[in-house]
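Have the viewer open as you read.

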Amino acid sequence: MSVTVPMDGPWLDEAAGRLIRPYTVSGGRTRPTAELDLMSLVMATGAASQMYFGPEHSEALGLCQGPTSVAEIAGHLRLPAVVTKILLSDLMDSGAVTVRPPHNFDNPSDCSLLEAVLDGLRRQL
Amino acid sequence: MAYDDSSDSFPTPFPTALKVLVAGGFGVGKTTFVGSVSEIAPLSTEELLTQVGAETDDLTGVELKTSTTVAMDFGRITLDERHVLYLFGTPGQERFWFMWDELCRGALGAIVLADTRRLENSFSAVDFFEQRGIGFVVAVNEFDGSFRYDPEEVRAAIDLRPDVPVVICDARIASSGIQTLVTLVQHLLTAVPGGPGQDDAVVQRDDGVPLDGQVSL
């Protein structure tokens, strides 16, 4: 049996998998209190929180000083998306972050939006 | 509030987050594509999946419960101060496709990457987007050593509708990936009712004289 300790990732055991169960950091909770999408944008409000949070909460808060997607925060934390959503919903409940839900492109006639995307892409070339 | 919200046109500091999916079979270059166009280092997001054994009434059923993870690559392109585009590489294994419904929600469109050595691996992604009415383009990722096909040959092999663009790309090169995204958005614009593509196709006659709205198809 060997334990891999990567520089930046969950501790993995060859046979057992993750050494820390994914829901440990959420205190065993498996559902966030708020509906969050992978593309919801999260930003710290700067308000001091009265609630006690663990180190993962602090790390998550540190990652969203500017508007940052849930997917990106999860990627940096190396935590599953659902666990990240639980941490972020805690921060929302405490007032430490605000969230903007993603734009759902359910209006296919939104020509101006597509044109903005096209212009933005062409500037990358 | 600490941020400046004086702008009338955009009262919050949040840009509009938009999403494009990058699909295709296993090993077709989705991770490479997302990584090369992204302005951030390639990241992957894990989803935890819980699969419960069929005999859930059995008290011993919990022993059959296993959790597995699916990783999705994602990247980001800041288009301007008000629009951010996120790219999601979809899970390649077909058994995880139920996840696609969530991923597809609100997506602008999709890029289906294809490898000419294994074109059949792209069929299911094409079917998926066709059935859901999600606009997509097929991008043939030209691997070293693969036979070069004409895009029209690829179209025939996949049995694509004539309006779906087929482009050749090199997933390793950022500008090639961006150009593929440009083609996708241009294609999406042609499908917009009253958009520029429709103007060309429907509102103008062959001689360029605009019709006065009495178009019957």
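**Where the chains meet**

Keep in mind that this is a predicted model. The contact draws 42 residues from chain B and 34 residues from chain A. On the chain B side that touches chain A, the elements giving two or more residues are strands E1 (16-23), E2 (43-51), E3 (66-80) and E4 (83-89), along with H5 of chain B. H5(B) is the top contributor to that side, with 9 residues. Sorted by class, this side of chain B comes out at 24 nonpolar, 12 polar and 6 charged residues.

How do the axes of H1 (residues 30-37) and H5 (residues 174-190) of chain B cross? They come within 8 Å and cross at roughly 95°. That falls in the 65 to 115 degree range, so H1(B) and H5(B) count as roughly perpendicular to each other. H1(B) brings Phe33(B), Ser36(B) and Val37(B) to the contact, while H5(B) brings Ala174(B), Gly177(B), Ile178(B) and Leu181(B). Those residues split into 5 nonpolar, 2 polar and no charged.

Now for the core. The largest nonpolar core has 78 residues, and those touching the most other members are Val70(A), Leu88(A), Val20(B), Tyr86(B), Ile111(B) and Val112(B). Helix H3 (residues 81-93) of chain A gives the most to this core, with 8 residues.

Leaving aside residues up to four places away in sequence, Tyr86(B) touches Met39(A), Ser69(A) and Ala71(A) in chain A, plus Ala17(B), Leu18(B), Lys19(B), Phe74(B) and Arg76(B) in chain B.

How values were computed. Residues numbered from 1 in each chain as written. Chains lettered and ligands numbered in written order. Predicted model: local features only at pLDDT ≥ 70, side-chain atom pairs only at ≥ 80, totals over all residues. Core = buried A, V, L, I, M, F, W, Y, C linked by C-beta atoms within 7 Å. Buried ≥ 20, exposed ≤ 12 C-beta atoms within 10 Å, placed from the backbone. Helix = DSSP H or I, 4+ residues; strand = E, 2+ residues; numbered from the N terminus. Contact = placed C-beta atoms within 7 Å. Axes fitted to C-alpha atoms, helices over the stretch in contact; angles between N-to-C directions. Parallel < 35°, antiparallel > 145°, perpendicular 65-115°, else oblique. Nonpolar A, V, L, I, M, F, W, Y, C, P; charged D, E, K, R; others polar.
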